[in-house]
Structure formats: structure tokens, C-alpha cells
Amino acid sequence: MGTVTTSDGTVIFYKDWGPRDGQPLVFHHGWPLSSDDWDAQMLFFLQHGYRVIAHDRRGHGRSDQTADGHEMDTYAADVAALTDALDLRDAVHIGHSTGGGEVARYLARAKPGRVAKAVLAGAVPPVMVKSESNPGGTPIEVFDGFRSQLAANRAQLYIEIASGPFYGFNRPGAEVSQGLIDNWWRQGMTGAANAHYECIKAFSETDFTEDLKKIEVPVLVMHGTDDQIVPYDDAAPLTVKLLKNGTLKSYEDYPHGMLSVYPDELNNDILEWLKS
């Protein structure tokens, strides 16, 4: 574990496990979580000889709780600062939800030789919010509701998201894991309220269309068809159409938090794709 200081003085916390000569896998977490959300993936790929790295986004987890910079350009610049500091070459960047948007923005600007492949899982691109150009998107009122609830009672909102739509625990017959709910809440409450509030705009309103078009490396796009946070139809299929070298893998009836609910299956799918 360590830290890197960005150009604006922000201290970013990161984990860096495994052999230095192993291929680097860089994990990008969702809102409002931290690098801890990748435990199941980092342990799995560590055991397969990879170097696994994950950071806490600014305002999240153990990174500095800054007053500003809670938007995708700065998030991507923070990632660039981390990859430069560690001098990562031919890395695979794996992003979930908001982290998928961060990956797309970073990849579109990455220095040559830094990136070999990428994985977008339940990711927010191309753009979430509904508009004339994105009629299938989520209405802005939904995100306004998140902001209002966060400002009023962040702790309660995080309980409701984790115990409900995030993991699909609100579906009939779902096998509920209290551990996952508690860990989601713990991660969320570790971060800063202002960062989480502003990040809602970043993940919902940022348009990644042009970023996706610029990405040259192979990208695996994974998405559950019962994703209640980032609806499938307005995300994964549209993302793959914009990528130059994208592969779509859909998971019937899987939720947004499928990496935590079904880690064995998804980890092995990613491993198989990395070796292909």
C-alpha cells in the first residue's frame, strides 16, 4: 500500500500487490466505494501471477477529501499520475460503474505503451442521463433524488442502495448477503459527502462517446441484463458499437454488483479473456 501526490497536491491512496514483473491489472471502483470493493478480484488475480493495483478515487476511501476535482477529467488525471509514478506498462485497466467511465476517459488520453487491454463492467458509458440525443437514458430527476437523499441522510441512502438495487437483493428469491451490504455501507461512509454528491453529476452526465471512439486497445464489456443502477440497454450494447475493438459479454438477470455476487464466474471470464 502507498500514496501518490497529484499535480494539485492531492494524496491518492493505492494498493499494489504481487510480482513487479507480472502484468499490471489496475482496478477502478464505483461510486461511492473504494479500492476495497475489489478484494475478490485482487486476491484471485494475485494468485494467478498478476500485479494487482487499485486506488481510492479522490474524496473516496483513504484518499484526500478535496474541495474540488470531482469530475472525470481530474479523475483520469489522477489515474495518469498513479500510472506514471509506478511506471506501468502494458497494463489492463478494469473499471466498474463510475470506474468504467474513469477508465474510458483515461484510455482516451493514455500515453503510448501504458495500456494493453481494458474491461468495462456494469459501466456508465456512453452516457447515463436522458436527453434528446440519449432518449433511452435515466431521467435527471432520478439523479436529483440521489442528491437530495444524500444531503438529507447519506447513511440511510447507502443502506437502501446496498440492500436493494445494487446487488439485486430487492428481487424475489434473492440470496441476501448482509456482509456485502455492511461492507458497501462501510466503504461509502469512509468517503466525503461533498465528493459523493458531486460525483453523481460526473457519473450520470458525462458523455464518453468521443472517448470510446478514441480507444484502440481491445475492451471487454461485461453487463448484467438486470442492472437496476446502469440499465443494460442504454449502456453495454451502445458502448460496444462505439469501440474499435470491443467484445460484449452479457449476463442474464445479473445485477449491477455482479462482480461481488458472482465473483468466481466473472473472475474466470476475465482471466480467460486476458489470456485470449
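Start by selecting I181, W184, Q187 and G188: these are the buried residues of helix 5, where buried means under 20% relative accessible area with a 1.4 Å probe, protein chains only. Look down the axis of helix 5 and its buried residues fall within an arc of 135 degrees, so they line one face of the helix; the arc is taken from the directions from the helix axis to the C-beta atoms. Helices here are DSSP runs of H or I, at least four residues, and strands are E runs of at least two, numbered from the N terminus.

A word on what's loaded: this is a predicted model, with local features needing pLDDT of at least 70 and side-chain atom pairs pLDDT 80 or more, while totals for chains, interfaces and linings use all residues. Numbering runs from 1 along each chain as its sequence is written, and side-chain values use heavy atoms, leaving out hydrogens and water.

Next, show helix 4 and helix 6, which the buried residues of helix 5 pack against. On helix 6, pick A195, H196, C199, I200, A202, F203 and S204, which are buried. Helix 6's buried residues pack against helix 2, helix 3, helix 4 and helix 5.

Now click W31. Beyond neighbours within four places in sequence, W31 is in contact (heavy atoms within 4.5 Å) with residues including W184, H196, C199, I200 and F203.

Of its 46 residues, W31, L107, W184, F203 and I215 touch the most other members. Helix 4 gives the largest share of this core, 7 residues.

Note on methods. A nonpolar core is a set of buried Ala, Val, Leu, Ile, Met, Phe, Trp, Tyr and Cys residues joined through side-chain atoms within 4.5 Å. Buried means under 20% relative accessible area, exposed over 50%, partly exposed in between (1.4 Å probe, protein chains only).
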